Amino acid sequence: MAPLPDFLRPLVLSGPSGVGKSTLLQRLFAEFPDKFGFSVSHTTRAPRPGEEDGKQYFFVTREKFLELRKEGAFIETAEFSGNFYGTSFQTVREVQDKGRRCILDIEAQGVRQIKATNLNPIYCFISPPNLAALRDRLQARGTETEASVTKRLATALKEVEYAKEPGVHNLVIVNDDLNRAYQLFKQVALGEEVSGDKLPPLDD
(Lines give C-alpha, C1' and ligand atoms only; values in the text may rest on other atoms or scores of the structure.)
Protein backbone atom coordinates (compact mmCIF):
# COMPACT_ATOMS: atom_id res chain seq x y z
CA MET A 1 0.00 0.00 0.00
CA ALA A 2 1.48 3.37 -1.03
CA PRO A 3 2.03 5.95 1.72
CA LEU A 4 -0.71 8.52 2.04
CA PRO A 5 0.24 11.99 0.71
CA ASP A 6 0.88 13.50 4.15
CA PHE A 7 2.88 10.54 5.43
CA LEU A 8 6.37 11.80 4.58
CA ARG A 9 5.72 15.36 5.75
CA PRO A 10 7.45 15.76 9.12
CA LEU A 11 5.16 15.63 12.14
CA VAL A 12 5.79 18.29 14.79
CA LEU A 13 4.46 17.22 18.17
CA SER A 14 4.13 19.82 20.91
CA GLY A 15 2.36 20.22 24.22
CA PRO A 16 3.08 20.98 27.87
CA SER A 17 5.59 18.98 29.88
CA GLY A 18 3.78 16.08 31.57
CA VAL A 19 0.95 15.89 29.03
CA GLY A 20 1.97 12.41 27.82
CA LYS A 21 3.89 13.07 24.59
CA SER A 22 6.66 10.59 25.45
CA THR A 23 4.14 7.84 26.27
CA LEU A 24 2.31 8.36 22.96
CA LEU A 25 5.59 8.28 21.04
CA GLN A 26 6.84 5.15 22.82
CA ARG A 27 3.62 3.32 21.93
CA LEU A 28 3.82 4.47 18.31
CA PHE A 29 7.46 3.40 17.87
CA ALA A 30 6.75 0.05 19.55
CA GLU A 31 3.79 -0.66 17.24
CA PHE A 32 5.49 0.62 14.07
CA PRO A 33 9.27 0.16 14.51
CA ASP A 34 10.02 0.67 10.79
CA LYS A 35 7.66 3.51 9.86
CA PHE A 36 8.88 6.42 11.97
CA GLY A 37 12.12 8.07 13.03
CA PHE A 38 13.27 10.75 15.45
CA SER A 39 15.52 13.57 14.39
CA VAL A 40 18.62 13.47 16.60
CA SER A 41 19.25 16.95 18.01
CA HIS A 42 22.56 18.75 18.47
CA THR A 43 23.48 19.95 21.95
CA THR A 44 26.34 21.72 23.68
CA ARG A 45 25.76 19.92 26.99
CA ALA A 46 28.13 17.17 28.10
CA PRO A 47 27.08 13.55 27.46
CA ARG A 48 25.53 11.74 30.42
CA PRO A 49 26.71 8.22 31.35
CA GLY A 50 25.56 5.74 28.69
CA GLU A 51 24.81 8.38 26.04
CA GLU A 52 26.45 7.98 22.63
CA ASP A 53 27.24 10.69 20.12
CA GLY A 54 24.77 10.46 17.23
CA LYS A 55 22.30 8.32 19.16
CA GLN A 56 20.67 10.45 21.88
CA TYR A 57 22.30 13.68 20.65
CA PHE A 58 25.09 15.01 18.49
CA PHE A 59 27.40 16.49 21.14
CA VAL A 60 29.20 19.58 19.86
CA THR A 61 31.13 22.49 21.32
CA ARG A 62 29.45 25.84 21.85
CA GLU A 63 31.64 27.30 19.08
CA LYS A 64 30.63 24.57 16.61
CA PHE A 65 26.95 24.98 17.48
CA LEU A 66 27.05 28.75 16.92
CA GLU A 67 28.90 28.19 13.63
CA LEU A 68 26.19 25.75 12.44
CA ARG A 69 23.46 28.16 13.52
CA LYS A 70 25.10 30.99 11.61
CA GLU A 71 25.24 28.75 8.51
CA GLY A 72 21.46 28.14 8.76
CA ALA A 73 21.85 24.43 9.52
CA PHE A 74 19.11 24.38 12.15
CA ILE A 75 15.34 24.27 11.78
CA GLU A 76 15.00 25.50 15.35
CA THR A 77 17.20 26.13 18.37
CA ALA A 78 16.61 26.70 22.07
CA GLU A 79 18.66 27.33 25.18
CA PHE A 80 18.00 25.52 28.47
CA SER A 81 20.12 25.78 31.62
CA GLY A 82 22.96 27.43 29.73
CA ASN A 83 23.14 24.77 26.99
CA PHE A 84 22.05 25.04 23.36
CA TYR A 85 19.84 22.48 21.62
CA GLY A 86 18.98 22.42 17.93
CA THR A 87 17.24 20.34 15.26
CA SER A 88 19.07 20.31 11.93
CA PHE A 89 17.58 20.05 8.45
CA GLN A 90 20.10 17.28 7.72
CA THR A 91 18.87 14.93 10.46
CA VAL A 92 15.26 15.29 9.26
CA ARG A 93 16.36 14.51 5.68
CA GLU A 94 18.24 11.41 6.87
CA VAL A 95 15.05 10.01 8.42
CA GLN A 96 13.05 10.82 5.27
CA ASP A 97 15.71 9.23 3.04
CA LYS A 98 14.99 5.92 4.80
CA GLY A 99 11.33 6.24 3.78
CA ARG A 100 10.28 6.94 7.35
CA ARG A 101 8.20 9.77 8.71
CA CYS A 102 10.26 12.12 10.87
CA ILE A 103 8.69 13.11 14.19
CA LEU A 104 9.92 16.16 16.06
CA ASP A 105 9.04 16.70 19.74
CA ILE A 106 9.29 20.49 19.96
CA GLU A 107 8.62 23.25 22.51
CA ALA A 108 6.31 26.15 21.58
CA GLN A 109 9.41 28.34 21.08
CA GLY A 110 10.61 25.88 18.43
CA VAL A 111 7.19 25.71 16.73
CA ARG A 112 7.38 29.48 16.15
CA GLN A 113 10.81 29.07 14.54
CA ILE A 114 9.72 26.16 12.33
CA LYS A 115 6.86 28.31 11.01
CA ALA A 116 9.52 30.59 9.49
CA THR A 117 11.15 27.71 7.52
CA ASN A 118 10.11 25.75 4.42
CA LEU A 119 9.89 22.45 6.34
CA ASN A 120 6.09 22.24 5.76
CA PRO A 121 5.26 19.79 8.57
CA ILE A 122 1.96 18.78 10.14
CA TYR A 123 1.59 20.42 13.58
CA CYS A 124 -0.10 18.38 16.32
CA PHE A 125 -0.71 19.78 19.82
CA ILE A 126 -1.30 17.42 22.77
CA SER A 127 -3.40 19.10 25.46
CA PRO A 128 -4.30 18.04 29.00
CA PRO A 129 -8.04 18.01 29.78
CA ASN A 130 -7.42 20.62 32.50
CA LEU A 131 -4.65 22.07 34.65
CA ALA A 132 -5.54 19.88 37.64
CA ALA A 133 -4.86 16.74 35.57
CA LEU A 134 -1.54 18.17 34.38
CA ARG A 135 -0.56 19.09 37.95
CA ASP A 136 -1.37 15.53 39.10
CA ARG A 137 0.73 14.01 36.31
CA LEU A 138 3.72 16.23 37.08
CA GLN A 139 3.52 15.46 40.80
CA ALA A 140 3.15 11.72 40.09
CA ARG A 141 6.55 11.72 38.36
CA GLY A 142 8.16 12.08 41.78
CA THR A 143 11.01 14.07 40.22
CA GLU A 144 9.49 17.54 40.40
CA THR A 145 9.65 19.97 43.31
CA GLU A 146 6.58 22.07 44.08
CA ALA A 147 8.40 25.09 42.65
CA SER A 148 9.19 23.29 39.38
CA VAL A 149 5.58 22.04 39.09
CA THR A 150 4.35 25.63 39.48
CA LYS A 151 6.86 26.81 36.88
CA ARG A 152 5.87 24.08 34.40
CA LEU A 153 2.16 24.89 34.86
CA ALA A 154 2.84 28.57 34.12
CA THR A 155 4.72 27.52 30.96
CA ALA A 156 1.82 25.20 30.04
CA LEU A 157 -0.62 28.11 30.16
CA LYS A 158 1.59 30.10 27.77
CA GLU A 159 1.81 27.11 25.40
CA VAL A 160 -1.97 26.70 25.40
CA GLU A 161 -2.44 30.43 24.77
CA TYR A 162 -0.17 30.11 21.73
CA ALA A 163 -2.04 26.97 20.60
CA LYS A 164 -5.30 28.98 20.65
CA GLU A 165 -4.04 31.24 17.87
CA PRO A 166 -5.75 30.38 14.57
CA GLY A 167 -3.69 28.26 12.20
CA VAL A 168 -0.88 27.44 14.64
CA HIS A 169 -1.68 23.71 14.73
CA ASN A 170 -3.32 21.41 12.21
CA LEU A 171 -4.76 19.29 14.97
CA VAL A 172 -5.35 19.16 18.74
CA ILE A 173 -5.57 15.92 20.72
CA VAL A 174 -6.80 16.09 24.32
CA ASN A 175 -5.11 13.39 26.39
CA ASP A 176 -8.04 12.72 28.73
CA ASP A 177 -7.91 8.97 28.05
CA LEU A 178 -4.58 7.50 26.92
CA ASN A 179 -6.03 4.76 24.68
CA ARG A 180 -8.37 7.18 22.92
CA ALA A 181 -5.61 9.78 22.54
CA TYR A 182 -3.22 7.15 21.16
CA GLN A 183 -5.72 5.94 18.54
CA LEU A 184 -6.14 9.53 17.32
CA PHE A 185 -2.39 10.18 17.40
CA LYS A 186 -1.68 6.95 15.51
CA GLN A 187 -4.09 7.97 12.73
CA VAL A 188 -2.43 11.38 12.48
CA ALA A 189 1.05 9.82 12.40
CA LEU A 190 -0.01 7.41 9.63
CA GLY A 191 -1.20 10.35 7.52
CA GLU A 192 -4.93 9.66 7.82
CA GLU A 193 -7.59 12.36 7.78
CA VAL A 194 -8.64 12.95 11.38
CA SER A 195 -11.03 15.34 13.09
CA GLY A 196 -9.18 16.44 16.19
CA ASP A 197 -10.46 17.64 19.54
CA LYS A 198 -11.38 21.14 20.61
CA LEU A 199 -8.83 22.84 22.83
CA PRO A 200 -10.34 22.86 26.34
CA PRO A 201 -10.33 26.04 28.45
CA LEU A 202 -7.44 25.63 30.89
CA ASP A 203 -8.15 28.48 33.26
CA ASP A 204 -8.95 26.38 36.31
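Reader: Hi! At what angle do the axes of helix H5 and helix H6 cross?

Author: Hello! In this predicted model, the axes of H5 (residues 131-140) and H6 (residues 146-163) cross at roughly 140° and come within 10 Å. That angle makes H5 oblique to H6, since oblique takes in what is left once angles over 145 degrees count as roughly antiparallel.

Reader: Nice. Which hand does the crossing of H5 and H6 have, left or right?

Author: H5 passes H6 in a right-handed crossing.

Reader: And which residues meet there?

Author: From H5 you have Leu131, Leu134, Arg135, Leu138 and Gln139. On the H6 side they meet Glu146, Val149, Arg152, Leu153, Ala156 and Leu157. By class, the contact has 7 nonpolar, 1 polar and 3 charged residues.

Reader: Switching to H3, which of its residues are buried?

Author: In H3 (residues 89-97), Thr91, Val92 and Val95 are buried. Seen down the helix axis, the buried residues fall within an arc of 100°, so they line one face of H3.

Reader: What do those buried residues pack against?

Author: Strands: S2 (36-38), S4 (57-59), S5 (74-80), S6 (83-88) and S7 (101-105). Just after H3, by the way, Gly99 takes a positive phi of about 80°.

Reader: One more: where is His169 found?

Author: His169 sits in the loop between H6 and strand S9 (171-174).

Reader: Is His169 buried or exposed?

Author: His169 is buried, because its relative accessible area is 15% and the cut-off for buried is under 20%. Leaving aside neighbours within four places in sequence, His169 is in contact with Ser14, Val111, Tyr123, Cys124, Phe125 and Ala163.

Key
Residues are numbered from 1 along each chain as its sequence is written. This is a predicted model: local features need pLDDT of at least 70, side-chain atom pairs count only at pLDDT 80 or more; totals for chains, interfaces and linings use all residues. Side-chain values use heavy atoms; hydrogens and water are left out. Buried means under 20% relative accessible area, exposed over 50%, partly exposed in between (1.4 Å probe, protein chains only). Helices (H or I, at least four residues) and strands (E, at least two) are DSSP runs, numbered from the N terminus. The arc is that of the directions from the helix axis to the C-beta atoms. Contact means heavy atoms within 4.5 Å. Axes are lines fitted to C-alpha atoms, for helices over the stretch in contact, and angles run from 0 to 180 degrees between N-to-C directions. Angles under 35 degrees count as roughly parallel, over 145 as roughly antiparallel, 65 to 115 as roughly perpendicular and the rest as oblique. A crossing is left-handed if the near helix is turned anticlockwise from the far one by less than a right angle, and right-handed if clockwise. Ala, Val, Leu, Ile, Met, Phe, Trp, Tyr, Cys and Pro count as nonpolar, Asp, Glu, Lys and Arg as charged, and the others, Gly among them, as polar.
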